[in-house]
Amino acid sequence: MEDIRDFCNQMADSFTNIDHLLEELGTNNQNITKISKQTSLLSLNASVEAARAGDAGHGFSVVASEMKALSTSCEEAAADSLSNKEEISIAISDLLRRAVQLKELVNSVSDNMSDLAARTEEINAAADTVNEISKSVRAAMESLTEKEYL
């Protein structure tokens, strides 16, 4: 039972560690979103400068457009990642709750087994007492039976 209890504790610790990693992932997603927004702003500035340059800035305009597309893709990926992180966090919380329930169940079973062992010892002691009384009664009966035949 102690091994199962230890396993439940280790499992709960693992879920807690995963939860911390998910928090870090959320922070990373926020950073990616900030970078994406800043890249989008740079893309806008580059587009303005390309427009000012006229035909000479056409190539730069294409680069600015690509930067905007990459920025949008990064922002969408970060949003998807954040959504996945939240779903994983909910699942981990559920698993942690179930691990706590399992630990409580193991503790309950362990307590019941201890109680059963104590009661079994009491029954064995009572059976030994009954056995001794039975031997005494048999001996007394044999003694009485011998006296009747004398």
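Start with the whole surface of this predicted model.

Now colour by burial. Of the 150 residues in the protein, 15% are buried.

Next, select the charged side chains. There are 13 positive and 26 negative ones.

Switch to the C-alpha trace and zoom out. Along its principal axes, the trace spans about 140 × 15 × 15 Å. The radius of gyration of the protein is 39 Å, whereas a compact globule of 150 residues would have one near 15 Å.

You will find 2 helices and 0 strands. Select residues 58–149: this is helix α2.

Stay on helix α2 and pick Ile-92, which belongs to that helix. Is Ile-92 buried or exposed? Ile-92 has a relative accessible area of 9%, so it counts as buried, the cut-off being under 20%.

Which residues touch Ile-92, once neighbours within four places in sequence are set aside? Select Phe-15, Ile-18 and Leu-22: these are its contacts.

The C-alpha atoms of Ile-92 and Phe-15 are 6.3 Å apart, yet 77 residues separate the two along the chain.

Finish with the contacts of the whole protein. Take those with a separation of 6 or more: 88% of them join residues 24 or more positions apart.

How values were computed. Residues are numbered from 1 along each chain as its sequence is written. This is a predicted model: local features need pLDDT of at least 70, side-chain atom pairs count only at pLDDT 80 or more; totals for chains, interfaces and linings use all residues. Side-chain values use heavy atoms; hydrogens and water are left out. Helices (H or I, at least four residues) and strands (E, at least two) are DSSP runs, numbered from the N terminus. Buried means under 20% relative accessible area, exposed over 50%, partly exposed in between (1.4 Å probe, protein chains only). Contact means heavy atoms within 4.5 Å. The radius of gyration is taken over C-alpha atoms; the globule rule is 2.2 Å times the number of residues to the power 0.38. Lys and Arg count as positive and Asp and Glu as negative; His and the chain ends are not counted. The place of a charge is taken as NZ of Lys, CZ of Arg, CG of Asp or CD of Glu.
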